[in-house]
Amino acid sequence: MSKSVERVRQAADAAGLDIEIRQMSDSTHTAEDAAIQCGVTVEQIVKSLIFQGTDTQNLYLFLVSGPRKLDLAKAARLTGETLHRADPKYIRKETGFAIGGVSPLGHLIDIKTYADETLMQFDVVWAAAGGTNFVFPSEPRALAKAAKAQIADIAG
């Protein structure tokens, strides 16, 4: 198991979130791929999107339901600054995760996190566990709590 997947496991344990990390036979790089591999609807897939503040250069993590898109205007109001997509190499350096395997938990840095309120309607959601074919299921409110995420209207 990779260091990043083990970091997710340790972060979940430290947050009191009991998870079972599963390695899928095929990629879970996209929400659609993940839904097929997990046997759930794409709405139950948690996309972990990282954006960067234009003024502060801070990274922000947005947990969004699979088919939805982050509403940058709503996100900017929450963060207090204009946002842009962060460079994938910078994301990997700062968080320890490559795009496609970014988890809600286990980042190398403290990262301000927001969770799409529509995720809360499900009994179970599935999130990346630090690798492109590693995932874990979780009750969404427990996941948001473990990730220290503010639940908000962030997607459209």
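Two residues are in contact here when heavy atoms lie within 4.5 Å. With that in mind, look at I50, which touches L59, Y60, L61, R85, A86, I91, T95, V102, H107 and I111, leaving aside residues up to four places away in sequence. You'll find I50 in strand β2, where helices (H or I, at least four residues) and strands (E, at least two) are DSSP runs numbered from the N terminus. I50 is buried, with a relative accessible area of 5%; buried means under 20%, exposed over 50% and partly exposed in between, using a 1.4 Å probe and protein chains only. I50 and T113 are 63 residues apart in sequence, yet their C-alphas are 9.3 Å apart in space.

A quick word on the ground rules. This is a predicted model, where local features need pLDDT of at least 70 and side-chain atom pairs count only at pLDDT 80 or more, while totals for chains, interfaces and linings use all residues. Residues are numbered from 1 along each chain as its sequence is written, and side-chain values use heavy atoms, with hydrogens and water left out.

Now for the rings. Rings of Phe, Tyr and Trp (its six-membered ring) pair if their centres lie within 6.5 Å; planes under 30 degrees apart count as stacked, over 60 as edge-to-face and the rest as tilted. That rule gives 2 aromatic pairs:

| Pair | Type | Centre to centre | Angle between planes |
|---|---|---|---|
| F51 and F62 | edge-to-face | 6.1 Å | 75° |
| F62 and Y114 | stacked | 5.5 Å | 15° |

F51 lies in strand β2 (residues 45–53) and F62 in strand β3 (residues 59–65), so their pair ties together parts 11 residues apart in sequence. The other pair links F62 to Y114 in strand β5 (residues 112–116), 52 residues apart. Together, the ring pairs link F51, F62 and Y114 into a cluster. F51 is buried, with a relative accessible area of 6%, and F62 is buried at 0%. Y114 is buried as well.

S103 is in the loop between α4 (88–95) and β5, and is buried with a relative accessible area of 0%. The side chain of S103 reaches the backbone oxygen of A128 at 3.0 Å.

Conventions: A polar contact is a pair of N or O atoms within 3.5 Å; within protein, one must be able to donate a hydrogen and the other to accept it, and residues adjacent in sequence count only if both atoms are side-chain atoms.
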